[in-house]
Every structure is written in structure tokens, then in C-alpha cells.
Amino acid sequence: MNFATLLPFLAAFPSMVPAAALSPPNLFNISVATAEYGKSIIQCWQLTTPPSLATIGSGSFESQSLGKAQAVSINFFPAGLSFGLHPAPVVQWVVVLSGSTKVYLQNQTDEADTVFTSAGKNGVLLAADTADISPLGHVTETVEETVMLFMSTANGTVPEHTVLHNKACAGEDLV
Ligand SMILES: *[C@@H]1O[C@H](CO)[C@@H](O)[C@H](O)[C@H]1NC(C)=O
Ligand SMILES: *[C@@H]1O[C@H](CO)[C@@H](O)[C@H](O)[C@H]1NC(C)=O
Ligand SMILES: *[C@@H]1O[C@H](CO)[C@@H](O)[C@H](O)[C@H]1NC(C)=O
């Protein structure tokens with residue numbers, strides 16, 4: 001493709017200009033498997049730590065801290081794998097790198113209690129319903145062949161947050 005054929009393409013994307021500074025910061029929301037009264041529930045949390053403008057070399061970009069990690073692994077799953085009912089093994093960030101997953105509660109048929117996660121900006125969820133607070137846990141399934149990054153938080157720390165609402169983040173929560 002020569003430059004002349006690229007021109008109409010560039011004209012169609014006027015947003016391809018350098019990003020402005022963050023003002024005001026839009027706090028990051030994530031769906032979380034947590035627990036209440038000994039049973040897993042799904043909630044939408046807003047992280048207290050705001051995103052910041054980070055710079056590496058001459059590039060500036062928006063960065064959201066997820067805190068310190070204990071261990072990090074990249075994990076490969078076939079399509080249609082069910083983990084069955086299980087508590088989170090540790091408090092961990094789950095980042096979908098490719099494919100998609102479904103996280104839901106046993107005995108809970110409300111669609112809003114199901115978190116569908118696929119790769120992208122909203123491809124992050126937190127599994128915090130460890131056995132000490134939810135002996136039975138939640139159900140996780142892969143919808144298709146999926147690759148996920150697991151990052152346990154340092155010392156099992158739960159990130160500072162406010163609870164936006166029960167059930168998965170949706171609509172306005174995920175702009
Ligand atoms: C779902 O319901 C069954 C039957 O009442 C019960 O045995 C099971 O513990 C429930 N599961 C959860 C996660 O509460
Ligand atoms: C984790 O716990 C150890 C031992 O108590 C402590 O030295 C370390 O600073 C803690 N790390 C974080 C990130 O809180
Ligand atoms: C987080 O959710 C709030 C309330 O729904 C919304 O105003 C805000 O834009 C969301 N933040 C992001 C980064 O999507």
C-alpha cells in the first residue's frame with residue numbers, strides 16, 4: 001500500500017492524534033468473585049487507585065496499577081473446559097489474553113450474576129472468594145480455547161476498592 005491509498009484511511013480516523021493528559025481520571029471497574037455470608041457472589045468494584053499517565057522513553061500512556069504480585073503464570077485452556085465449583089485458590093487477578101470465559105454462581109440463574117470475559121480493556125477480573133470466606137466458590141468455564149494470565153496478589157492482599165453494586169460490571173461501568 002502506498003501513501004496515496006493510505007490517505008483516505010487516515011482521514012477517516014481523526015482520533016489518531018496523541019492522547020491528552022488524564023483529567024479527570026476515570027476510575028477502573030472490575031467484576032469480582034467475592035463472598036458474603038460464606039457464599040460466593042459477583043460484584044462490580046471500582047479500584048480506589050486512579051490510573052496515571054506513565055512514560056517510558058518518549059511514549060506516554062494511561063496506566064492502571066494492580067498493586068504488587070506474588071506469582072504470575074500464563075495458562076492454556078481448551079474450549080469448553082469446566083473447572084466445576086471451586087473457591088479461588090488465592091486472591092488473584094485473572095487476565096484473559098485470548099479466547100473467553102464464563103464465571104457464574106451455582107443455583108443463581110440471573111444472567112447479571114454471570115461474568116463473560118474476553119480479551120481486551122475489560123478482560124480483567126479478580127477472583128477473591130477464597131475457601132476461608134467461600135468453601136464452595138464459583139464455577140468457571142472456558143467458552144473457547146483460552147489463554148489467561150493469573151497474578152496472585154502479594155500476601156493475598158485485596159486491592160483497595162469501593163463496591164459499585166452487586167452483579168457483574170456492565171453498561172456504564174465499562175466504557
Ligand atoms: C445449590 O443448591 C444445592 C441444593 O439446595 C445445595 O446442596 C448446594 O450447596 C448449593 N450450592 C451453593 C454454591 O450454594
Ligand atoms: C508480605 O508479607 C511479608 C512478611 O510479613 C512482608 O515482609 C512483605 O512486606 C509483605 N508484602 C507486601 C507487598 O505486603
Ligand atoms: C466505572 O463505573 C462508573 C459508574 O458506572 C463510570 O462512571 C466510569 O466511567 C467507569 N470507569 C471506566 C474506566 O469505565
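How many nonpolar, polar and charged residues make up the lining of the second largest pocket? In this predicted model, that lining comprises 5 nonpolar, 7 polar and 2 charged residues. The second largest pocket has 14 lining residues, and those that lie nearest its centre are Lys39, Ser40, Leu105, Gln106 and Gly137. The space within the second largest pocket amounts to about 260 Å³. Strand E2, which spans residues 39–47, gives the most to this lining, with 3 residues.

The model contains 1 disulfide, which joins Cys44 to Cys169 with an S to S distance of 2.1 Å. The link of Cys44 and Cys169 is right-handed, with 95° about the S-S bond. Because Cys44 lies in strand E2 and Cys169 in the segment after strand E13 (161–166), the pair ties together parts that are 125 residues apart in sequence.

The surroundings of two ligands were then examined. The shell around ligand 3 consists of Asn26, Leu27, Asn29, Gln46, Leu164, Glu172, Asp173 and Val175. By class, this shell divides into 3 nonpolar, 3 polar and 2 charged residues. Both backbone and side-chain atoms of the protein approach ligand 3, as the following pairs show. A nitrogen atom of ligand 3 lies 2.8 Å from a backbone N or O atom of Leu27. An oxygen atom of ligand 3 lies 2.3 Å from a polar side-chain atom of Asn29, and a backbone N or O atom of Val175 is placed 3.2 Å from an oxygen atom of the ligand. On its own, ligand 3 has 360 Å² of accessible area, of which the protein covers 73%.

Ligand 2 is surrounded by Lys68, Ala154 and Asn155. Asn155 has a side-chain N or O atom 2.3 Å from an oxygen atom of ligand 2. Taken alone, ligand 2 exposes 360 Å², and the protein buries 28% of that area.

Notes. Residues numbered from 1 in each chain as written. Chains lettered and ligands numbered in written order. Predicted model: local features only at pLDDT ≥ 70, side-chain atom pairs only at ≥ 80, totals over all residues. Heavy atoms only, no water. 1 Å grid on protein atoms, 1.4 Å probe; cavity = no way out; pocket = protein on both sides within 12 Å on 5 of 7 lines; lining within 4 Å. Points joined across faces, edges and corners; volume = space filled by probe spheres on them. Helix = DSSP H or I, 4+ residues; strand = E, 2+ residues; numbered from the N terminus. Nonpolar A, V, L, I, M, F, W, Y, C, P; charged D, E, K, R; others polar. Near = heavy atom within 4 Å. Polar contact = N/O pair within 3.5 Å; in protein donor to acceptor, adjacent residues only side chain to side chain. Areas by Shrake-Rupley, 256 points an atom, 1.4 Å probe, with all protein chains shown as cover. Disulfide = S-S within 2.5 Å.
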